[in-house]
Amino acid sequence: MHVHRVAAFTMAGAGGNPAGVVLATALPSPEKMQAVAADVGYSETVFAAPKNDGSWIVRFFSPENEVPFCGHATIALGTVLGQTHGEGRYALSLANADIEVQSGKGQDGWCSVLRSPPTRSSAADPAILPEALALFGYSKTDLDPALPPRAANAGTEHLFISLTSRAALSRMDYDLDRGREFMTTNGIGTVAFMFREHDGLFHARNAFAIGGVLEDPATGSAAAAFAGVLRDVGIVQSGTIVIIQGADMGQPCRIEATFIGEPGSPVEVRGSTSPIL
């Protein structure tokens, strides 16, 4: 079984979030996919196999469990599909949704654009916020009052907590085991901390303890969900935002999210890719 190793959401060919990509004639057993993902060791490895209708059946695995959707692995998958089968648009059948990814090559190399599942968001559960803040070393004074905490989904559940400063974002730290317990108990895929530089530029750090990863350098599913949050609360109702993530890890990533004003409509998430040699 060949595993392609691709960095997604790179900046000028550097940084990015590594993903494993496996193309197969038929999907291996869940146990085999889990074992491969654990051996690869990236936050996610994606497995894809062709269907008779021309689409691809796709599953995502972290080192510890299957996840319903992973944005950066989808971006990586788009590049591998483009390199293997030609540039173009590919329909993907996930465990709980049907999406698509478009792959192409430009002046700066390969890039992909995924069209996310529909988005939804709501005010975060106030019962879990004190625990979340204590877990990550924050207090209510660190929160951005213009963008209160939100629960959001664009294929995966996320908790978004917006902070008042870039310095506060840099302080993010937590215990992995406690974070895993918190996310598992509350059904949260990632806890995403955000800082708004301006309405078109955001900085992010995403804790992914439920997948056995302290922090994800780039999270495409969270980017799509966060675009839905901005639309739902009326801060940015349509257009394109840029999210910079991974800088505090030394793996800077650039994510672009483009969306229209229709509530709940899918978000297009774009990222460049580079091979990992």
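# Briefing: cavities, a pocket, strands and aromatic pairs

The largest cavity has a volume of about 50 Å³. Welcome to this predicted model, in which two cavities of 30 Å³ or more are found. The largest pocket has a volume of about 200 Å³, and seven aromatic pairs are present.

**The largest cavity**

- The lining of the largest cavity is made up of Phe160, Ala192, Met194, Ala204, Asn206, Thr219, Ala222, Ala223, Phe226, Ile243, Gln245 and Ile255.
- Sorted by class, nine of these lining residues are nonpolar and three are polar, with no charged residues.
- At least two lining residues come from each of β12 (190-198), β13, α6 and β15 (239-245).
- Helix α6 gives the largest share of this lining, with three residues.
- One of the lining residues, Phe226, returns below as a member of an aromatic pair with Phe202.

**The second largest cavity**

- The second largest cavity holds about 40 Å³ of space.
- Around the second largest cavity you will find Arg89, Glu100, Val101, Gln102, Val113, Leu114, Arg115 and Glu268.
- This lining has four charged residues, three nonpolar and one polar.
- Strands β7 and β8 each contribute at least two residues to the lining of the second largest cavity.

- Strands β7 (residues 98-106) and β8 (residues 109-115) run antiparallel and are joined by seven bridges.
- Two residues lie between β7 and β8, and the two strands form a hairpin.
- Within this pairing, Gly104 has Cys111 of β8 as its bridge partner.
- Strand β8 is also joined to strand β17 (residues 268-275), here by five bridges and again in antiparallel fashion.
- Cys111 takes part in this second pairing too, with Ser272 of β17 as its bridge partner.

**The largest pocket**

- Of the 22 residues lining the largest pocket, Val67, Pro68, Thr156, Gly189 and Phe208 are the closest to its centre.
- Two or more lining residues come from each of β5 (66-67), α2 (71-85) and β11 (157-163).
- The lining of the largest pocket divides into 10 polar, eight nonpolar and four charged residues.

**Helix α2**

- How enclosed is α2 by the rest of the structure? Largely, because 12 of its 15 residues are buried.
- The buried residues in α2 are Gly71, His72, Ala73, Thr74, Ile75, Ala76, Leu77, Gly78, Thr79, Val80, Leu81 and Gly82.
- Gly86 follows α2 and has a positive phi, near 105 degrees.

**Aromatic pairs**

- Among the seven aromatic pairs, Phe136 and Tyr174 form a tilted one, with 4.7 Å from centre to centre and 50 degrees between the planes.
- Phe136 lies in helix α3 (residues 129-136) and Tyr174 in the loop between α4 (166-170) and α5 (176-186), so this pair ties together parts that are 38 residues apart in sequence.
- Phe136 counts as buried at 2% relative accessibility, and Tyr174 is buried with a relative accessible area of 9%.
- Phe202 and Phe226 form an edge-to-face pair, at 5.1 Å from centre to centre and with 80 degrees between the planes.
- This pair links distant parts of the chain, as Phe202 sits in strand β13 (residues 201-208) and Phe226 in helix α6 (residues 220-233), 24 residues apart.
- Both Phe202 and Phe226 are buried.
- Phe136 and Tyr174 also belong, with Tyr138 and Phe193, to one aromatic cluster.

Definitions and conventions. Residues numbered from 1 in each chain as written. Predicted model: local features only at pLDDT ≥ 70, side-chain atom pairs only at ≥ 80, totals over all residues. Heavy atoms only, no water. Phe/Tyr/Trp six-rings, centres within 6.5 Å; stacked < 30°, edge-to-face > 60°. Helix = DSSP H or I, 4+ residues; strand = E, 2+ residues; numbered from the N terminus. Buried < 20%, exposed > 50% of the residue type's maximum accessible area, 1.4 Å probe, protein only. 1 Å grid on protein atoms, 1.4 Å probe; cavity = no way out; pocket = protein on both sides within 12 Å on 5 of 7 lines; lining within 4 Å. Points joined across faces, edges and corners; volume = space filled by probe spheres on them. Nonpolar A, V, L, I, M, F, W, Y, C, P; charged D, E, K, R; others polar. Pairing = 2+ DSSP bridges.
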